[in-house]
Amino acid sequence: MTHPAAQSIFDLTAADIQPTRDFAQWCDAHDPLAAFRSEFAIPTDAQGKPLAYLVGNSLGVMPHAARTRINEELDDWAKLGAEGHLYGCRPWVSYHELFRAGLAELTGAHAHEVVAMNTLTANLHFLLLSFYQPTATRRRIIIERGAFPSDRFAVHSLVRMVGGDVHRDVIELAPRSGEECLRNEDIEATIDHTGDALALVILGGVQYYSGQVLDMPRITRAAHRAGAKCGWDLAHAIGNVPLALHSWGADFACWCSYKYLNGGPGAVAGAFVHERHHADPPPRLEGWWGTNPATRFEMGPDFDAGPGADAWQVSNPPIFSLAPLLASFDIFHRAGLDRLQAKSRAMNGFIEIALRKCGHDAIRVLTPSATHERGCQLSLIVAGGTPVARAVYDRLLPQGIACDFRYPSVIRVAPVPLYNTFDDCWRLIAALTAQ
Ligand SMILES: *Cc1c(COP(=O)(O)O)cnc(C)c1O
């Protein structure tokens with residue numbers, strides 16, 4: 001191997017990248033974040049060998065400390081029963097408050113703008129109900145034709161519930177013909193064009209199929225210029241790319257915690273409500289956990305709203321489904337999203353450039369090539385149609401490479417900088433180019 005000019009993986013250039021296992025091992029040896037991998041349980045094959053686990057965009061792996069955090073709560077429950085609400089090692093009445101700082105850090109929000117609650121689609125419904133306030137003339141919602149099905153179902157069912165007409169009121173954005181990704185200028189043009197008829201824009205910050213990162217500040221500004229609200233589904237964005245929800249001025253956002261946040265299957269999700277909506281909030285569905293904690297247990301008849309985003313909570317949260325996130329947020333805080341992003345770019349650069357240097361053109365990256373338009377995920381489109389693509393995909397898991405397939409012919413891979421190695425990336429490259 002020729003020795004790369006770079007000092008660490010953070011300053012690799014395309015010229016440094018070599019399509020070899022030696023090079024991958026050089027990268028792992030020059031990765032300042034490499035030690036974080038030992039804090040996670042990496043899923044294994046039948047022989048107990050670690051998988052090249054590239055599906056952290058679907059379900060992140062378990063931080064070892066998650067087990068300790070859950071056991072602490074089980075112990076409090078066993079020892080204290082109901083007293084655990086007030087006297088547990090982390091009292092359950094205020095347990096959700098432990099997640100504010102981590103969520104604020106990951107979303108670029110103020111602490112009172114974020115809350116850990118419910119699950120993603122539930123939060124989408126709660127927030128859409130608050131922020132979609134159609135009038136006779138302003139009632140259109142912009143979504144994406146290729147939106148994740150749950151998001152589309154949420155929007156369509158809400159429009160029907162408030163007496164709207166899905167065909168008239170829902171505008172669907174689609175890529176230009178022959179293209180796979182949306183163009184920010186086209187989204188902006190649709191918003192401008194809809195103008196006074198536009199009530200709400202709700203999009204995924206990172207598109208789940210293509211991995212494209214949209215220009216969230218630009219789209220938010222355009223929605224506001226039209227007099228509409230703007231919300232973001234950050235399922236594939238949180239823990240993946242740096243976010244600045246407060247300064248971008250997003251009205252609301254929600255996300256799940258089991259993808260890049262490693263919160264475990266069905267983990268408690270989260271929501272953001274910009275502080276400009278706190279003093280005079282839109283209507284919302286209410287429950288006792290949204291009330292002021294100082295008066296909540298007086299059990300009075302009136303809704304005395306809790307502070308900020310907390311007022312959108314309805315129930316006391318499932319503690320065991322929150323506990324793993326404490327472990328994960330601690331790791332994120334120590335690793336730092338900027339360094340993680342830099343490593344992610346190096347890993348994706350390795351995969352993309354190595355595939356190219358191997359002269360492999362049957363597999364093309366459909367994720368936009370500009371670094372600010374991609375996160376951890378690369379969506380690989382396999383030439384030759386579904387049966388060919390499916391056959392390529394079906395050979396990966398037997399070689400210990402975990403990723404996923406999306407019809408018609410896309411293989412999604414997400415090297416996650418917290419726990420994946422360059423060697424994982426190499427295993428993928430070798431398996432794809434051997435075919
Ligand atoms: C993963 C994902 C979901 C999943 O919804 P749940 O309510 O967590 O089951 C919804 N929307 C998007 C965009 C997703 O990526």
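**Reading pockets, packed helices and backbone exceptions**

Guide: In this predicted model, α6 supplies four residues to the lining of the largest pocket, the most that is given. Helices (H or I, at least four residues) and strands (E, at least two) are DSSP runs numbered from the N terminus. Local features need pLDDT of at least 70 and side-chain atom pairs 80 or more, while totals for chains, interfaces and linings use all residues. Residues are numbered from 1 along each chain as its sequence is written, and side-chain values use heavy atoms, without hydrogens and water.

Visitor: How many residues line the largest pocket, and which of them lie nearest its centre?

Guide: Rolling a probe the size of a water molecule over the atoms shows where empty space is left. Here 23 residues line the largest pocket, and Ala147, Phe148, Asp151, Gly204 and Asp233 lie nearest its centre. A pocket is an open set of points on a 1 Å grid over the protein atoms alone, with protein on both sides within 12 Å along at least five of seven lines; a cavity is a set where a 1.4 Å probe fits but cannot get out, and lining residues have an atom within 4 Å of a point. The largest pocket holds about 260 Å³ of space, a volume being that filled by probe spheres set on points joined across faces, edges and corners.

Visitor: Which elements each supply at least two residues of that lining?

Guide: They are α5 (120-131), β5 (140-144), α6 (149-161) and β7 (198-204). By class, the lining of the largest pocket has 13 nonpolar, five polar and five charged residues. Ala, Val, Leu, Ile, Met, Phe, Trp, Tyr, Cys and Pro count as nonpolar, Asp, Glu, Lys and Arg as charged, and the others, including Gly, as polar.

Visitor: What lines the largest cavity?

Guide: Gln341, Ser344, Arg345, Thr371, Arg374 and Gly375 line the largest cavity, whose volume is about 30 Å³. That lining has four polar, two charged and no nonpolar residues.

Visitor: At what angle do the axes of α8 and α9 cross?

Guide: Two packed helices are described by the angle between their axes and the distance between the axes. The axes of α8 (residues 184-194) and α9 (residues 216-225) cross at roughly 10° and come within 9 Å. Therefore α8 is roughly parallel to α9. Axes are lines fitted to C-alpha atoms over the stretch in contact, with angles from 0 to 180 degrees between N-to-C directions; under 35 degrees is roughly parallel, over 145 roughly antiparallel, 65 to 115 roughly perpendicular and the rest oblique.

Visitor: Where are the cis peptide bond at Pro408 and the positive phi of Asn118 placed?

Guide: The bond from Tyr407 to Pro408 is cis, with omega near 5°, and Pro408 lies in the loop between β14 (404-406) and β15 (410-413). Asn118, with phi near 55°, is in the loop between β4 (114-116) and α5.
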